[in-house]
Amino acid sequence: MAIQSTGIGSGLDVNSIINQLLAIESRPLARLQETASTTQTQLSTYGALKSRIAALGDAAEKLATAATWNKTRATSADTAALTVTSSGSATPVNLQVEVTQLAQAQSVATSRLPSAAASVGTGTLMIEFGSWNQDFLAFTPTVPLKSATIVIGSGEDSLAGIRDKINAADAGVTAAILNDSQGSRLVLRSTATGAESGFRITATDDDANPLDDSGLSRLAFDPPGGAPASGNQRAVDLVASVNGAPVVSASNQLDDLVDGVSLQVARTTTGPVEVNVARDTESMKTLIQQFVGAYNEANKFLADQTRYNADTKTSATLQGDRVAVALQGQLRSLVATGSSASPVFDTLSSAGISLQRDGSLKVDDGKLASALANLPELAKLFSADGGGNPLAVGIARRFDALADLNAGTGGALESREDGLKQRLSRNRTEQERFNDRMAMVEARLRAQYTALDSRMAQLNGLSAYVSQQVDLLNRSSNGS
């Protein structure tokens with residue numbers, strides 16, 4: 001097989017010539033690649049802009065929500081005794097809470113057996129719920145009667161077995177085994193607190209004597225009947241007073257003590273404890289500052305991306321972009337436009353949020369604190385729905401709507417991104433077509449220069465032959 005090397009026949013640097021010609025032919029591809037790079041940068045910039053506008057919308061939405069302005073903060077002067085929480089439905093209030101008795105469950109410890117594995121006896125345990133008097137001498141069953149019957153059979157009559165049977169019954173009483181140096185006892189405790197969570201236990205055992213201290217009778221608890229049991233704790237209600245008014249509860253959790261206010265009681269108090277519920281102006285201030293921060297972030301980004309640098313004579317990515325420039329104007333217009341929802345606060349500046357020369361917002365803490373002291377009117381400035389009057393729509397609602405219009409699904413920024421993505425797709429297609437065309441151009445040039453090289457090789461060979469013949473003829477003529 002003959003091995004060809006382009007340029008050997010002609011002496012020309014064919015590869016260099018072809019590469020230079022291809023470089024000239026490839027200039028449109030460089031322009032396509034430059035356009036793709038610019039478009040990709042614009043697309044990334046729009047993604048960053050949409051993220052900032054969405055963040056501004058989220059911050060505005062919180063201020064446009066009525067629940068924000070109803071939020072309360074509850075405090076207790078003795079958090080070790082009382083933990084207080086409040087909801088948006090709570091009304092600001094001051095309470096004096098004194099707790100003299102905690103709610104507790106009934107607890108009973110049975111007589112000892114040698115071990116948890118010791119046999120107790122078979123029969124039936126009946127657990128009835130109700131309330132005991134102070135000395136465990138009178139039991140009043142609940143109405144309607146609440147009870148549970150637990151059958152203890154052969155093979156399950158150890159303390160451990162009876163414990164498991166009681167717990168499996170889920171009857172409102174839990175059982176555990178208490179071990180010490182003198183043996184094992186069954187400890188029974190009601191699962192709920194409060195006076196009516198008390199219980200009595202009667203036993204029907206196989207020895208037919210439910211009152212003796214043998215067999216299953218050892219687990220009975222019915223003091224008036226003389227049943228043997230010890231280590232007892234009576235179930236009682238929480239007893240407290242709120243602003244001097246008596247309060248009784250079966251639980252140490254007082255839900256909706258007053259509307260929207262709940263108390264968790266951990267211990268009794270040595271006297272009245274101050275509980276305060278007030279509007280949570282600190283959280284409102286934080287949300288306003290977050291809104292201002294989100295606005296400033298979006299404003300600065302737009303300013304940076306749409307400016308022209310006269311010194312370097314360079315344009316930022318979105319300089320002159322109609323969508324970005326329009327959005328920048330809309331944001332500034334909203335800041336300058338007032339709302340007639342409140343006769344007290346009609347603009348952001350009236351509430352201590354002023355526009356700066358660079359287009360950013362700045363919070364005057366003192367002026368904002370004064371505005372927060374008049375929450376109903378400040379809430380209108382931000383969250384009023386307008387009642388059909390567009391001039392009375394709250395400013396935060398307007399910003400939220402503008403963010404949705406631009407950064408929401410189908411919004412102006414998403415449409416612009418879609419347009420840029422389509423442009424990139426078309427650009428990629430054009431580059432692929434151009435590369436295919438350049439491959440054909442290169443193939444054609446190489447074919448042409450290969451043919452030229454071959455022809456030049458033939459001509460060079462012919463020239464050498466003619467020169468040789470002429471030289472021989474001259475020698476012959478000269479008698480050489």
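At what angle do helix α2 and helix α6 pack, and how far apart are their axes? In this predicted model, the angle is about 20 degrees and the axes lie 13 Å apart. Helix α2 covers residues 27-64, and helix α6 covers residues 322-336. Angles under 35 degrees count as roughly parallel, so α2 is roughly parallel to α6. The crossing of α2 past α6 is left-handed.

Which residues make this contact? From α2 come Y46, L49, I53 and L56. From α6 come V323, A324, L327 and L331. By class, the contact of α2 with α6 holds 8 nonpolar residues, no polar ones and no charged ones.

Now turn to the other partner, α9. Helices α6 and α9 pack at an angle of about 170 degrees, and their axes are 10 Å apart. Angles over 145 degrees count as roughly antiparallel, so α6 is roughly antiparallel to α9. On the α6 side, the contact uses L327, Q330, L331, L334 and V335. On the α9 side, it uses R398, F399, L402 and N406. This contact of α6 with α9 divides into 6 nonpolar, 2 polar and 1 charged residues.

In soluble globular proteins, nonpolar side chains tend to be buried together. The largest nonpolar core here has 51 residues. Those with the most contacts inside it are L49, I53, W69, L331, L378, F382 and F399.

Take F399 as one example. Neighbours within four places in sequence aside, F399 is in contact with L56, A60, F291, Y295, L331, L334 and V335. Another core lies apart from the largest one. That other core has 27 residues, including L113, F139, V173 and I177.

One more residue is worth a stop. I353 sits in strand β19, residues 353-355. Is I353 buried or exposed? Buried means under 20% relative accessible area, and I353 has 1% relative accessibility, so I353 counts as buried. Which residues touch I353 from beyond four places in sequence? They are I288, V292, L348, L361, K362 and F382. F382 is also among the residues with the most contacts inside the largest core. S249, by contrast, is 104 residues from I353 in sequence, and their C-alpha atoms are 48 Å apart in space.

Technical notes. Residues numbered from 1 in each chain as written. Predicted model: local features only at pLDDT ≥ 70, side-chain atom pairs only at ≥ 80, totals over all residues. Heavy atoms only, no water. Axes fitted to C-alpha atoms, helices over the stretch in contact; angles between N-to-C directions. Helix = DSSP H or I, 4+ residues; strand = E, 2+ residues; numbered from the N terminus. Parallel < 35°, antiparallel > 145°, perpendicular 65-115°, else oblique. Left-handed = near helix turned anticlockwise from the far one by under 90°. Contact = heavy atoms within 4.5 Å. Nonpolar A, V, L, I, M, F, W, Y, C, P; charged D, E, K, R; others polar. Core = buried A, V, L, I, M, F, W, Y, C linked by side-chain atoms within 4.5 Å. Buried < 20%, exposed > 50% of the residue type's maximum accessible area, 1.4 Å probe, protein only.
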